[in-house]
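Dear colleague,

Please find below the structure that I am handing over to you. My notes on it follow directly after.

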Amino acid sequence: MLIQFLTLFPEMFAGPFSCSMIKRAQERGLVTLETINFRDYAEDRHRTVDDTPYGGGPGMILKPEPIFKAVEAQTAKAGSKPYIILTTPQGEPFHQQTAAELSKLPHLLFICGHYEGFDERIRTLADRELSIGDYVLTGGELPAMVMADAVIRLLPGVLGDPQSAEQDSFSRGLLDYPQYTKPAEFRGMAVPAILLSGDHGKIEVWRRQQALLRTARRRPELLADLELSPAEREFLEKHQLTLDPEKKDLPMKGGN
Ligand code: ADE
């Protein structure tokens, strides 16, 4: 997979992409990451990329020409149009499902907005506008890196154990169940006995129940999209957990 980032700040990408799994994924040829400074596509002597807004108002707006030219150059180089993502707080929320969809594509190109905004015509380039949450960052670089990270770890061969991705929080629509490692007791906190029992059938049921409990307590709205078995519904009701997403009334304390 090829992932490109159109940005005015290519240096921001160096750190996150030069360690751990993302570094290894590149070394193993599973993904190629490229940053492109769209200032290189500015048309004037001063390499201008922004200008004042028509109609007045504060701040500077990214101009369309350098970004259009940069996109066209990448399309010509690749021989086909990349799937273009515009990072903006006004975009559709980015979810695990979005990452899974994007991980199937051969060539992604992120346009990282910056400054106070971008010319509306830049939107026409995008196949999809995505946001990483309801808050405003100084630019689209961090969101693009967050999304690329979530996509890259889903590429075949990136995770040592492919089951890891399948068992992620959200991939089954539930938050993760609690995990423990040695020692079996630490500062008075014991690992649940069932995990030491060696009974894998019972462990599987316990984990599913814990994931359900944690999701019902912390993110009840996620359960609305899930098909629960009658036994699972009964289990939650036994714990007096509501399946009504409006009623987020349960405390989060207690490790669940
Ligand atoms: N650019 C600035 N804030 C953003 C956000 N929350 N998501 C995506 N792009 C952004």
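Is Arg187 buried or exposed? With a relative accessible area of 73%, Arg187 is exposed; buried means under 20% relative accessible area, exposed over 50% and partly exposed in between, with a 1.4 Å probe and protein chains only.

The model is predicted, and local features need pLDDT of at least 70, side-chain atom pairs count only at pLDDT 80 or more, and totals for chains, interfaces and linings use all residues. Residues are numbered from 1 along each chain as its sequence is written, and side-chain values use heavy atoms, with hydrogens and water left out.

Backbone geometry

Arg187 lies in the loop between E8 and strand E9 (189-190), and its phi is positive, near 50°, although the residue is not glycine. Helices (H or I, at least four residues) and strands (E, at least two) are DSSP runs, numbered from the N terminus. Ser20, likewise not a glycine, has a positive phi of about 55°. Ser20 belongs to helix H1 (residues 20-27) and is exposed, with a relative accessible area of 52%. The peptide bond from Lys182 to Pro183 is cis, with omega near 5°; Pro183 sits in the loop between helix H5 (163-166) and strand E8 (185-186).

In helix H8 (residues 230-238), the residues Glu232, Phe235 and Leu236 are buried. Seen down the axis of H8, these buried residues fall within an arc of 95°, so they line one face of the helix; the arc is that of the directions from the helix axis to the C-beta atoms. Pro230, Ala231, Glu234, Glu237 and Lys238, on the other side of H8, are exposed. The cover over the buried residues of H8 includes H6 and helix H7 (220-223), where contact means heavy atoms within 4.5 Å. Gln240, which follows H8, has a positive phi near 55°. Within helix H6 (residues 200-218) lies Leu213, which counts as buried at 4% relative accessibility.

Ligand site

The residues surrounding the ligand include Thr87, Pro89, Ile132 and Val136, each with a heavy atom within 4 Å of it. Backbone N or O atoms lie at these distances from a nitrogen atom of the ligand: 3.1 Å for Thr88, 2.8 Å for Tyr135 and 3.0 Å for Leu137. Taken alone, the ligand exposes 260 Å², and the protein buries 96% of that; accessible areas come from the Shrake-Rupley method with a 1.4 Å probe.

Yours sincerely

Definitions and conventions. Polar contact = N/O pair within 3.5 Å; in protein donor to acceptor, adjacent residues only side chain to side chain.
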